[in-house]
Amino acid sequence: MDHRSTADSARPVSPSSWGLQQARWRQPPLHRPRNPGAVFGLPLVAVVVLILGGVLTGGLFAAPSATPEQNSWHDFALYFGSLNSHPWSLVTSVLLAGSPLEYLLSTPLLFTALAFACRFVGPLRAGLTFLVGGALSALGLSLVLDWGVVNDNQWLGYLGGTYQMGCYGGVCAALGFTTAAFGSLWRRRLRLWLLALTVMLVLYLGQGATILAFFGAVLGVLSGMAVYHRRQTTSGTHPSSPLGLGLAHTTLRETRVLVATVVAVSALGLWLTQLTANFASGPLFMANQLALQGTLDAQTLRDVCNGSESCVNLQSWIGINSPGAVVFTLIPVLLLLVCADGLRRGRRLSWWITVAAQSYMALNALLAVVVFYSDPQVMFDAEISGFVAVYLLPTVLSPLGIVLLLLIRRNAFEVRASTVSGRSLARLSIVLLASLLVVYIVAWFSEDNQTTSSLLDLLVQLPHLLIPFQLPFDTYLPQGPVSTALYGFGGAVVWLLLLVQLVRHSRRYRGHGRERTAERDKAEALIRRGGGALSQMALWEGNHYWFTADGRAGVAYQVHHGVAITVAEPFGVAAAQAEAALGFTRYAVEAGIVPCFYSAPAELGTELAPMGFRPLEVAEETRLEVASQTFKGKDWQNVRTAINRARKLDVEVVWGTYASFGPLIRAQLVQLSEEWADEQPLPPLGFTLGGLDELRDDGVLCALAVDVQGEVLAATSWLPVYREGQIVSWTLDFMRRRSTAFNGVMDFLIASAVTRFQNDVQEISLSGSPLAGQFSAAEGPSDAMDRLLSTLAKALEPYYGFRSLAAFKARFKPVHRTLYMYYQDPLSLPSVALALTEAYLPGMSMRQRTSLLRTLVTGPEAEAGTGSGPE
């Protein structure tokens, strides 16, 4: 029952246009120019100035000379000491490029970036950010390079002796500033991607242009943060994160996306070092030599082949220098990219593989440092020590940092495929790798390689077949065509097959699709026989099941801190539900866990009372009689107003399942959910509160308010309630609204649901409002637990708005039904409280626990928060 983001108003377009409308991802922008001239005017002027500067200085037609005085742009570019002699170069260098190739790259980049910035923040802000950000980036680069030359830093000193110019700092500053015009979800993502890309370019490529881009990105993001923070302060809302980059308040989904981004950037950085090996100079430019499989240069290959042209040709076409070997060098990059996709999906196997791969690369780099230091021919001095500090140690620290990040966020990657899928992948891996080894060994002997090489040479060659990471090359290569082909192509083919299977494995989920367990299928069938308003939640991920001996009824539950918390009441044949409750209690006691029935109706308490269960009010369920509802009368004025406003704004309701919507509609649903979660100081709740993942069930019906532009203004989801295979009611679960939606959009959606369902069912449920009751127990419950729930409700009200949500539902004049928690032993209440906290807030970080504890102790007034009520 996820009602944690209510608000008002919406309307959908016709089904034929759902996927054709352009999705809008942002909050109201700082400035949105309507005139195309305002969008493209500044970019065109900037491009003309750039090209004109290239013509006047000659840089558009020729690269700079090694001697500064021989260049016509000597007074306009950055180099060592230029800050003192030519301070205007801080501005002029922004509007120049260093070579014809750079002009070719800079022109479309400058035009696209400035057009993008003008579109969202206006030409004035875009132009100022470009010029000021570019000049400050040039200042930072000049200071850094001067320091590098003076202190004889190998990397920065090298860059200080060359010309540095380009629009990259201004471009990235404009892009970084523009992120402030987006909603919290895309603001955070775009900032992360921009900073991650520029950091990667600095570390792996290391040219002056990349440093300019990094400085510009940082300056742009900081200036955008200042504007965003001022807007939030002026509007009276609470900024969720000053930087908009932290993981502390992100949802589980966003945590996975951000961690996956870091891993993907590291993989792309390795690939970049291969493409730019001839001119890269960043601290990690040696990563490809230490982490990736290499090939032999022409002279080494000729030496290994003893000058034999046939051997050289054989190795070049199908052997160690063949296209297959080149593909093999990319396997680590592809493996990390596949794992990054798996991490985005929360896959545990991808987590393990990434940790293993990054640990191996760190160990390999560390061994290189050790070997380097242990070489007696190396005479250590300041220059050598600087080389180790600048180029070798970063190759160790970078993968170790990623491993540390993965370990810290390990709880976000707990999704596992079924045992069958895991075993299938393991068997396939063993069969493919073993087959390659066996076939290679047979071919090696069949082609008489033992006459020119020893068995030790064969053993040294075997790791090169399987391990796509840097290893010392053996000096004896296979000579026969079959063994040479296997040596050049075998490993690449096997790994590509394994990567394809790994991708397929990462898309298989335990309990979903074809991988549904028999227990979940059985639970789904019983829920169709009979259940309550919340029974459909029993099919959500993370639940376990217990069934009666005759299989006529069952119970869904989760185990936390030794407590088995049920998801609502038992389900199945009505006559067997009481037996299921008693049988589950006996099962739990025998298993050494504490039974606790949560969000169950009063009727269940009558059956449980003989076993010593006590009730404690935990929620109020609201039910609406819809069969004869017409929304007439003074009491329904607000609802009629919302309907009329939606009609006036040309807002419609689109009904369907999540899978039936187009990709742009689904993307907007993700945005609505993630942006709301990002604005909350505490993470989204789970357990009986559904989120985006629960929308994917084909049995769940979604109602979207969509405007004429195809923008989703608000969304709700409805869970079916069955009796003997027929849907007898629907339960409201997911509620989200866009901050720019008109007031009343949620009234409009619920009224639309009433109209849709009134011909099919007698009543619908607006679900329960957790912690919105008076917390008075019916039969003398523990006063301590009662006070705890009351205190918790007051503390969480500013963040989750449970009571304001209940007040919103009261507009529809519902019939209230109290839901209870049933427990046996008052001494178990502390464990029950911990279990409920863990169920509703899984994977809560230490910082979030501290914030919650501080709120409970000092009261909600001590924490700056915002409610999430429907208005």
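What share of the contacts in the chain between residues at least 6 apart in sequence joins residues at least 24 apart? The share is 78%, where contact means heavy atoms within 4.5 Å.

The model is predicted: local features need pLDDT of at least 70, side-chain atom pairs count only at pLDDT 80 or more, and totals for chains, interfaces and linings use all residues. Residues are numbered from 1 along each chain as its sequence is written, and side-chain values use heavy atoms, with hydrogens and water left out.

**View 1. The whole chain.** The chain holds 30 helices and 12 strands (DSSP runs numbered from the N terminus: helices H or I, at least four residues; strands E, at least two). Of its 871 residues, 55% are buried (under 20% relative accessible area; exposed is over 50%, partly exposed in between; 1.4 Å probe, protein chains only).

**View 2. Helix H16, residues 348–374.** From first C-alpha to last, the 27 residues of H16 reach 39 Å, close to the 39 Å expected (1.5 Å times one less than the number of residues). Buried residues of H16 include Trp351, Val355, Met361 and Val369.

**View 3. A nonpolar surface patch.** Leu268, Trp271, Leu275, Val327, Leu334, Leu337 and Leu496 together have about 530 Å² of accessible area (Shrake-Rupley method, 1.4 Å probe; for residues, only the protein chains shown count as cover). Patch residues have over 30% relative accessible area and no salt bridge, with nonpolar side chains (Val, Leu, Ile, Met, Phe, Trp, Tyr) joined within 5 Å and like charges within 9 Å; a salt bridge is a side-chain nitrogen of Lys or Arg within 4 Å of a carboxyl oxygen of Asp or Glu. Helices H10 (252–275) and H15 (331–344) each supply at least two residues, and H10 gives the most, with three.

**View 4. Leucine 275 in helix H10.** Leucine 275 lies in H10 and counts as exposed because its relative accessibility is 53%.
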